[in-house]
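This report describes one protein chain for a reader who has not seen it before. Please look at the sequence and the model below, then read on.

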Amino acid sequence: MAKRKKTPRPTKGRCRFCRDKAKAIDYKDLGNLQRLMSSQGALFGRRRSGNCARHQRMVKVAVKRARSVALLPYV
Ligand SMILES: [Zn+2]
């Protein structure tokens, strides 16, 4: 049986917003939001983005706000 290679895991938190100690996520910060979504504009899930539940929820709200003011496309 082939050995499964261990994926390197960062010792500190995986969530980028926790690392920055972000209290809120700005919906106008497009560069940051677009790193968490595909080129088509679909938001990545928590597994893919590595965000914690709390910050993923904040990202979701920020993306919805950005969509409503036409900064990001609806998919
Ligand atoms: Zn977090």
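Is K21 buried or exposed? K21 is exposed, because 6 other C-beta atoms lie within 10 Å. Here a residue is buried if 20 or more other C-beta atoms lie within 10 Å of its own, exposed if 12 or fewer, and partly exposed in between, with C-beta atoms placed from the backbone.

## Basis of the model

The model is predicted: local features need pLDDT of at least 70, side-chain atom pairs count only at pLDDT 80 or more, and totals for chains, interfaces and linings use all residues. Residues are numbered from 1 along each chain as its sequence is written.

## Overall layout

The protein chain has four helices and zero strands, and along the sequence the pattern reads α-α-α-α. Helices (H or I, at least four residues) and strands (E, at least two) are DSSP runs, numbered from the N terminus.

The radius of gyration of the protein chain is 15 Å, whereas a compact globule of 75 residues would have one near 11 Å. This radius is taken over C-alpha atoms, and the globule rule is 2.2 Å times the number of residues to the power 0.38. Along the principal axes, the C-alpha atoms fill a box of roughly 50 × 30 × 20 Å. Of the 75 residues, 16% count as buried. Among contacts between residues at least 6 apart in sequence, 62% join residues at least 24 apart; two residues are in contact if their C-beta atoms, placed from the backbone, lie within 7 Å.

## The nonpolar core

The largest nonpolar core is made up of 10 residues: F17, I25, Y27, L33, L36, V59, A62, V63, A66 and L72. Helix α4 (residues 53–68) gives the largest share of this core, four residues. A nonpolar core is a set of buried Ala, Val, Leu, Ile, Met, Phe, Trp, Tyr and Cys residues joined through C-beta atoms within 7 Å. In soluble globular proteins, nonpolar side chains tend to be buried together.

Not counting residues up to four places away in sequence, L36 touches L43, F44, S49 and V59.

## Helix α4

How far apart are the end C-alpha atoms of α4? They are 23 Å apart, which agrees with the 22 Å that its 16 residues should span at 1.5 Å a residue. The expected span is 1.5 Å times one less than the number of residues.

The buried residues of α4 are H55, V59, A62, V63 and A66. Seen down the helix axis, these buried residues fall within an arc of 100 degrees, so they line one face of α4. The arc is that of the directions from the helix axis to the C-beta atoms. An α-helix has 3.6 residues a turn, so residues three or four places apart point the same way. The cover over the buried residues of α4 includes α1 (16–19) and α2. On the face turned away from the buried side are the exposed residues A53, R54, V61 and S68.

R57 is also found in helix α4. R57 counts as partly exposed because it has 13 C-beta neighbours inside 10 Å.

K21 lies in the loop between α1 and α2. Its phi is near 55 degrees, a positive value in a residue other than glycine. In helix α2 (residues 30–34) lies G31, which counts as exposed because it has 6 C-beta neighbours inside 10 Å. G45 is in the loop between α2 and α3 (46–49), and G45 is exposed, with 10 other C-beta atoms within 10 Å.

In the segment after α4 lies A70. A70 has a positive phi of about 65 degrees although it is not a glycine. With 8 C-beta neighbours inside 10 Å, A70 counts as exposed. L71 is found in the segment after α4 as well, and L71 counts as partly exposed, with 16 C-beta neighbours inside 10 Å. Leaving aside neighbours within four places in sequence, L71 is in contact with K28, L30 and A66. L71 and R46 are 25 residues apart in sequence, and their C-alpha atoms are 22 Å apart in space.
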